[in-house]
Every structure is written in C-alpha cells, then in structure tokens.
Amino acid sequence: MPPAGKKEVVTTTEQRLCTRCVLPETFPGIKFDADGVCNYCHRALTEEKAAAHRESARLKFEQILNDVRGKGTYDVLVGWSGGKDSTYILARMVKEFNCRVLAFTFDNGFVSKQAFRNMEHISDTLGVDHLIYKARLDVLKTVFNASAVGDELYPKSALGRASNICTSCMGLAKGIALRVCIEKNIPVTAFGWTPGQVPLAAGIFKSNPAMIRKMQELSAAPLRRLVGDAVRPYFLEEEHYERPERFPYNIAPFAFMEYDEESIYDYVASLGWVRPKDTDANSTNCLLNSYGIHVHLEQSGFHPYVAELAGMVREGRMTRDEALARIHLMPNPNVVNFVTDRLGVPSIIPAGQS
Ligand SMILES: [Zn+2]
C-alpha cells in the first residue's frame, strides 16, 4: 500500500499477465489455468469459428445496406471522432459502399485541434455533410470530474471495459447519435469501434425501443444525478420511443472487416489525415483519453485498454508484444496537465515527469 496521502500509479509491468492474451491478475473476474491462460481466452471463439462468424456478418451488412440505400434522408450516420479508425470507416462507407453518409461528431471539449483540421479537410474531399455537436463545457466538467473521483457512478465491472470518464463520454455520444438518427430518419449507424472494443456477436444489431430504454437508463441515470435536466438533450424522449420503425441498425464494421493498424494508417494518410502529436498511443483524437487512462490506472490497477488489446491478440489481429508495449506506454504528462487545468482540478503529475 502507498503511504497515506500519496497516490501511487500502478503499471501492469510487475503484474502477472495471462500467457496468451495480456489480461492482468487485477482484471475483474479473471482466473488462470495451470499454463497461465486466462478464463477469457478459454471462452473466446477459436480462430476458425471467428472467421466464419465474420463472413456471415459481412454478408448481412451488405444486405442491410442494399435494403436501406436511397430510402431515408441519409443511408448511414457514421460516428466520427476524427481518429484514424472512424475516419477509415467513414471513407469506406462513402467510397466503397456508396452510402449517403451524415458524419456526426460529439465534441466533448477535448478533441485535438489536429483532429478537427483532419475532419475539415476530409469531409470536404469526401463530400459528406458533417454535423458537430459541441456539448456544454460546464456540464461536461461536472460529469468528467465526478467520473474521475469515484467508482460509484457505474458498477465495478464497467472498469473492465473503459475508464469511467470514457464510459460517461460514450454514454452521451452514443445517446445523442441515436437521437439524431431517429429525428432524421437515418436507418443505420456505424461506429469505428475496434474489434477488441466490440464482441463479434455485437457487430450488427437492430435496436428496438425496449432494449434502448434499458441501455439509455443505465447511461443516463448516473449522469442525471450529477447534472439533472442538463442531460436531457443527450438521451431519447418519449416521442422518440413512439417511433419504433425509426430505430436504426447499429453496426460496428470492424467486428467483421479486416483490422490491420498499419494499413489503416496508410489508408487515412492517403486521404490527408495527419496524426495528432498531442494524443496518447491509444487515441488519435481525444486529449481526455490520457487523463482517463491515468485515473483508471489509479482506480483499478490496470490499463483501461487491456481488454480491447487482449481481444485483438486473441483474434490474431495484433501480436502479444505489440499489445504489451501499448499498455506499458504511460500517458504524456503535459497532456494530462492540460486536461486537469481545463477541468479545473489540481494537476496530478509534475511537469516534466514521465
Ligand atoms: Zn487470456
């Protein structure tokens, strides 16, 4: 235990890790067999089964696009963070799948300036409409600061998937994207979640009011306790639930498309995308992410991207060594300090320390 009053940043370096993926002994619900392989690896689909699943999901995806093309205002809303993954999905939806796309960005107040420059340039060259929803900074500050200090907002198990800060931000971003889809009658949403972020089985699903009401309440209730009615614009109202025919398909194309980081970087570079210099190794758009990682390490003792990276290793889409290198890279202290300054909370890393 660190001495009282002094918080220690725990890295995964000294921890016991699964010998197949990279999940650490501190991960919720983990158990190791005699060979040091974790229960999550045992549960995962075998390579061959995963490939068959991917193929049938890909066919279903094309079928859905054929069914919806040309029917609504737009064919697809693409959630566009400005990072490499969502930029790649956006471009492929336009160029390869010939969809009429509305690109939608939730501005959480911490999007890298370079990410915005990339989006301006690429939306022009791709010829897509781009809707940017800039959220109120005072509301976001309250939400992010409360997310950073405590783990009472969400069940402990949520820390296995992301930092509380990311969970809060995603709840708002996904909520408002769905609301836009229903209001504008857009039949499909596509997000650039990486294969590790979304299980294969959740790569395509048709949302319905009952399911969404449950999911939205899980996201909205903790936030409503913090900011009251200010959270309303980000979630659905009764009038939306009364239009079940407008609830979109939710698609994470990377769950069934190939995912190779190098070729994604090459592809988006060919569109004029430039990697921001101020984000951490796991994000190519969001500055808040560095702070979220720092806080999550303190709260849980493991890196918030570990589940995602473990999934990529298991599916053979990343080597175990690459994943290890990624989780051992600590956030840039200058970026973390910029974020704490903007959030109005004390800085947590002395400048110059890494
Ligand atoms: Zn494992």
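Are Cys-21 and Cys-41 buried or exposed? Both residues are buried, buried being under 20% relative accessible area, exposed over 50% and partly exposed in between, with a 1.4 Å probe and protein chains only. The model is predicted, so local features need pLDDT of at least 70 and side-chain atom pairs count only at pLDDT 80 or more, whereas totals for chains, interfaces and linings use all residues. Residues are numbered from 1 along each chain as its sequence is written, and side-chain values use heavy atoms, with hydrogens and water left out.

**View 1. The zinc ion and its cysteine donors.** Cys-18, Cys-21, Cys-38 and Cys-41 coordinate the zinc ion through their SG atoms at 2.3 to 2.4 Å. Donors are N, O and S atoms within 2.8 Å of the metal (3.2 Å for Na, K and Ca); water is not among the atoms, so sites may look incomplete. The angles subtended by the four donor atoms are 101 to 114°, which makes the arrangement tetrahedral; four donors count as tetrahedral if all angles lie between 85 and 135 degrees. Along the chain, the donors follow the spacing C-x2-C-x16-C-x2-C. Cys-21 is in the segment before helix H1 (39-43) and Cys-41 is in helix H1, so this pair ties together parts that are 20 residues apart in sequence. Helices (H or I, at least four residues) and strands (E, at least two) are DSSP runs, numbered from the N terminus.

**View 2. The six-stranded sheet.** The sheet is open, with the strand order E3-E2-E1-E4-E6-E5 and mixed pairing. Strand E3 (129-134) and strand E5 (204-206) stand at the edges with a single partner strand each, so one side of each has no neighbour in the sheet. From one strand to the next, the twist averages 20°. Two strands pair if DSSP finds at least two bridges between them. E1 and E2 run parallel and are joined by four bridges, and Gly-79 has Phe-104 in E2 as its bridge partner. E4 and strand E6 (residues 249-251) also pair in the parallel sense, over three bridges, and Thr-189 stands opposite Asn-250 in E6.

View 3. Axes are lines fitted to C-alpha atoms, for helices over the stretch in contact, and angles run from 0 to 180 degrees between N-to-C directions.

**View 4. The enclosed helix H3.** Eleven of the twelve residues of H3 are buried, so the helix is largely enclosed by the rest of the structure. Among them are Tyr-88, Ile-89, Leu-90 and Met-93. The buried residues of H3 pack against helix H2 (47-68), strand E1 (76-79), E2, helix H4 (113-126), E4 and helix H9 (261-270), contact meaning heavy atoms within 4.5 Å.

View 5. At 32% relative accessibility, Asn-185 counts as partly exposed.

Key. Tetrahedral: all angles 85-135°; square planar, octahedral: opposite > 155°, others 65-115°.
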